[in-house]
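Please keep the structure in view while working through them.

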Amino acid sequence: MSKPLTRAVIFCIWLAFNGVDAASNQPYRTGFHFQPPKNWMNDPNGPMYYKGVYHLFYQYNPYSAIWGNITWAHSISYDLVDWIHLEHAISPTEPYEANGCWSGSATVLVDGKPSILYTGANSKNQQFQNLAVPKNPSDPLLKEWIKSPHNPLISPVDDIDPLNFRDPTTAWLGPDRLWRIIVGGEIGGQGVAILYRSEDFVNWTRGKTPLHTSNKTGMWECPDFYPVSINGSNGLDTSVLAGLIKHVLKASFNNNDHYVLGRYTPEMDTFSVETNFLSNGSDMRYDYGKFYASKSFYDSDKKRRILWGWILESDSEADDISKGWSGLQSIPRSILLDESGKQLLLWPIKEIEKLRTKQVSFDDMDLKSGSVFEVPGIMAAQADIEVSFRLSGLKEAEEMNTSWVDPELLCKEKKASMNGTIGPFGLLVLASKDLEEQTAVYFRVFRKQYEKYVVLMCSDQSRSSLKEGLEKTTYGAFVDIDPVHETISLRSLIDHSIVESFGGNGKACITARVYPKLAINQDAHLYAFNNGTMDVRISKLSGWSMKRAQIVPIQKRRKPSIT
Ligand code: DQQ
């Protein structure tokens, strides 16, 4: 079979799975990422596992593709891959939420019943924390939610800035049997996690001191606070306070989700951190690309902690209005503490692999200096790729300059097309045949003193589309890998307008949004490349076409039937 014919056959098979949506006038809608059928979506809210069902709520505008009228939309799943959209769970009906029902979290209480705490913004955008409970907790789908008659439960008083007081976390139970939450805020210009305690989940008392604060940041949105196990392979329930654990505090600011690790003492409600937010050399983020306002939850069924993040668009508001939609959710990621104990590891949940179909694989292959190699035979617009690179001649690596502390800046300066010694090498995804359009996800390796090396991971969107008026930022992260003893691994989940990349088995993640004009559907290609002067070896490359996930309104659900 000639090459163009092979591509046509693959496309026909792919179309059978994917329908006309992606093929015609909606080339940027995704195949296996969560998104509503239309309109605006932002933060993931209140994820939980309840009576055999995964629930995802999210910030949604029922009327338009831009932010406004914020409502809690609700979808459910049995495997975190296929989703069913239900009726909206919480809509603005009361004066304390006239300007929207903003972000919040779910907690399964001691009696096994779930509760949601969320922020209401009134007509002046002043913010209040509110409670909603299921009308019928024995319904695993939790279709209807009732607002507490005691709302608003927590008001912005004293030194709290009413315009910057939101996004309550999942609660955890202290040794004194009191529930605790934190609410994000800004006090005196500083980001802060304000602590509250409650016996009954209705009456909340503010702690004398916040759980944590930072004078290096402004407002903290969507905080998250949870334990991770040291040397463990399971996630932990939010109320686990003892054993070999550390705690993670995440705050969303400056368009990124930043985290710190530390020791939490529940008796005193103190949190002593190992590093600070935004410190040079230890600015840890869940993702160094587009990923914001995330929320994690403990999956008691599979004993793991799972993270969702909102992936914003990089096109214009006018583009969103003409597409009729805006915003994606990331592929859910499991969270574990790395064995070094110094950082987290994020990895796409195993279930996503059920969508893998046609596979291509190569072992032990040279990627010569200056070469570009097309990975054939899979649907490059909707794919999952895993590749690992083995390096030799590391002593030749360019010297690391001690002033290079900002990986994003370094990636911007040293673009994928700029030759180096060891790297840039990696993948060109969503690329057109002639490479006029390409998103490069790649590594460069630099030499420090005493035969230590620095691995830089970049995602370069500068050539991702011929279309003007898009944000085409280049992102970067340092990956804590020792290339002398380890291969450098990269996994990219490519889905039409999103590329989620995981370097070093999840030590560094970079998510990018791209809108190619040429490299769409069957015209998208995938390449491996090496623009360094040293050859690189691909020890293994596996790629799969991905099927489309079933993400449908409840009426369109084919099976199993829902009561
Ligand atoms: N989005 C919500 C807020 C939150 C922000 C409003 C973060 O509650 O702080 O839609 O994206």
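Buried means under 20% relative accessible area, whereas exposed means over 50%. The model used throughout is predicted.

**Exercise 1.** Determine how many disulfides a search of the whole structure finds, and describe the geometry and the chain positions of the cysteines concerned.

*Solution.* Begin with the cut-off: a pair of cysteine sulfur atoms counts as a disulfide when the two lie within 2.5 Å. The search of the whole structure finds 1 disulfide, and it joins Cys411 to Cys458 with an S to S distance of 2.1 Å. The angle about the S-S bond is -80°, and the link of Cys411 and Cys458 is left-handed. Finally, both Cys411 and Cys458 are buried.

**Exercise 2.** Give the strand order of the open sheet formed by 4 strands, and explain why one side of each edge strand is left without a neighbour.

*Solution.* The order is E5-E6-E7-E8, with antiparallel pairing. Strand E5 (101-108) and strand E8 (145-147) stand at the edges, and because each has a single partner strand, one side of each lacks a neighbour in the sheet. On average, and with direction ignored, neighbouring strands of this sheet are turned by 30° against each other. Looking at one pairing in detail, strand E7 (residues 127-134) is joined to E8 by 3 bridges, and the two run antiparallel; Ala132 has Lys147 in E8 as its bridge partner.

**Exercise 3.** Carry out the corresponding analysis for the open sheet formed by 6 strands.

*Solution.* The order here is E26-E38-E28-E34-E35-E36, and the pairing is antiparallel. The edges are taken by strand E26 (356-367) and strand E36 (508-513), each with a single partner strand, so one side of each has no neighbour in the sheet. Neighbouring strands of this sheet are turned by 10° against each other on average, direction ignored. Within the sheet, 5 bridges join strand E34 (residues 488-495) to strand E35 (residues 498-503) in antiparallel fashion, and Ile494 stands opposite Val499 in E35.

Terms used
Residues numbered from 1 in each chain as written. Predicted model: local features only at pLDDT ≥ 70, side-chain atom pairs only at ≥ 80, totals over all residues. Heavy atoms only, no water. Buried < 20%, exposed > 50% of the residue type's maximum accessible area, 1.4 Å probe, protein only. Pairing = 2+ DSSP bridges. Axes fitted to C-alpha atoms, helices over the stretch in contact; angles between N-to-C directions.
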